[in-house]
Amino acid sequence: MQTNFLSQQFNAGFLAENFTACPANATICDGTSCVLPEDNFNQTLSVVLSTVLTIMLALVMFSMGCNVELKNFLGHIKRPWGIFVGFLCQFGIMPLTAFLLSLAFNILPIQAVVVLIMGCCPGGTASNVIAYWVDGDMDLSISMTTCSTLFAMGMMPLCLFIYTKMWTDSDAIVLPYDSIGISLVALVIPVSFGIFVNHKWPAKAKIILKVGSIVGAVLIVIIAVVGGILYKGSWVITPKLWIIGTIFPAAGYTLGFFLARIAGLSWHRCRTVSLETGMQNTQLCSTIVQLSFTPEQLELMFTFPLIYSIFQLLFALFILAGYRIYRRYQMKTETDVEKTEEKEDSKSSAKMNGGFVPDEIK
């Protein structure tokens with residue numbers, strides 16, 4: 001009996017040393033079939049990144065609140081046409097787009113569910129930072145983010161029930177209402193402090209706003225890059241999900257902009273609604289996915305929220321760059337027109353004054 005045990009132990013050790021298919025850290029090894037210890041690296045990293053991101057965005061939202069006028073913010077609440085358009089985009093366009101993309105690419109049911117979860121999530125707070133840089137309506141941006149996070153308590157279960165029942169039972173999806181509540185608190189409290197600072201000390205609020213907007217933009221990029229580098233297996237995913245992760249945020253930005261324009265909103269509010277539609281709360285999506293599926297299922301789609309996050313940021317940066325180029329070109333054109341008008345006015349006055357024209361305008 002003891003001889004057989006020692007023989008089996010020797011054979012296991014020999015196989016572990018001579019078969020590269022069996023890693024050294026395997027707990028059980030039988031030929032090329034190995035049992036590895038559970039790896040909690042991704043879960044730990046997700047908790048760390050979520051904590052850092054929550055603290056960082058709370059500070060950034062405080063600075064964004066320094067650009068909000070209380071009467072304008074309350075005006076959007078009292079006359080919520082812009083918020084209503086954003087609501088249609090967030091919980092109408094995005095879930096429907098997710099559903100159509102899942103059908104069009106014929107992905108696995110479990111993969112379709114994670115795409116739909118992303119489409120049903122509320123807007124992300126990073127959109128407020130980008131909205132500031134594209135001269136959007138900050139009062140509308142923050143009110144939309146706040147309202148979409150609040151409405152998510154009821155709209156996420158409803159949208160998931162409607163769109164996922166052809167692939168899975170909606171009861172199998174665990175919605176972390178505590179995470180949604182934390183996101184709401186992390187948004188409302190810092191913004192409230194920012195509004196108060198802007199009301200009491202407007203000069204200091206402008207300084208805080210400039211610093212916070214720069215820090216927020218830099219940290220958002222850092223979080224995306226760090227997540228992309230550190231997440232194990234983040235780049236090992238089916239090409240179909242890569243394509244969906246590219247198309248989905250671009251569709252959100254585009255459709256949100258056009259729906260806002262059709263609704264008669266001004267250009268700067270169209271840019272705001274566009275960003276609020278395309279930029280989703282990817283951290284919330286990751287939390288829902290981890291709570292709802294087994295480790296085997298997670299291997300098929302766990303990193304889709306990360307891919308969406310990267311591409312939503314890239315497209316937002318393209319929008320920002322395009323707007324800045326357009327703005328610079330428009331300002332240059334307006335300056336040239338003003339100079340031409342000044343020359344014409346000077347020449348006209350010169351004729352009235354005996355034909356004298358200064359050398360600098362000839």
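Tutor: Gladly! Helices here are DSSP runs of type H or I with at least four residues, numbered from the N terminus. Keep in mind that the model is predicted.

Student: With that in hand, how many helices and strands does the protein chain have?
Tutor: Strands are DSSP runs too, of type E and at least two residues. Counted that way, the protein chain has two strands and 14 helices.

Student: In which helix is Leu-96 found, and is Leu-96 buried, partly exposed or exposed?
Tutor: Leu-96 is found in helix 4, which covers residues 81-105. Buried means under 20% relative accessible area and exposed means over 50%. Leu-96 has a relative accessible area of 38%, so the residue is partly exposed.

Student: Now to helix 5, residues 109-120, where Ala-112 lies. Is Ala-112 buried or exposed?
Tutor: The cut-off for buried is under 20% relative accessible area. Ala-112 has 0% relative accessibility, so Ala-112 counts as buried.

Student: Which residues does Ala-112 touch, not counting those up to four places away in sequence?
Tutor: Contact means heavy atoms within 4.5 Å. With that cut-off, Ala-112 touches Ser-102, Ile-107 and Trp-167.

Student: What separates the C-alpha atoms of Ala-112 and Leu-241?
Tutor: Along the chain, these two residues are 129 residues apart.

Definitions and conventions:
Residues are numbered from 1 along each chain as its sequence is written. This is a predicted model: local features need pLDDT of at least 70, side-chain atom pairs count only at pLDDT 80 or more; totals for chains, interfaces and linings use all residues. Side-chain values use heavy atoms; hydrogens and water are left out. Buried means under 20% relative accessible area, exposed over 50%, partly exposed in between (1.4 Å probe, protein chains only).
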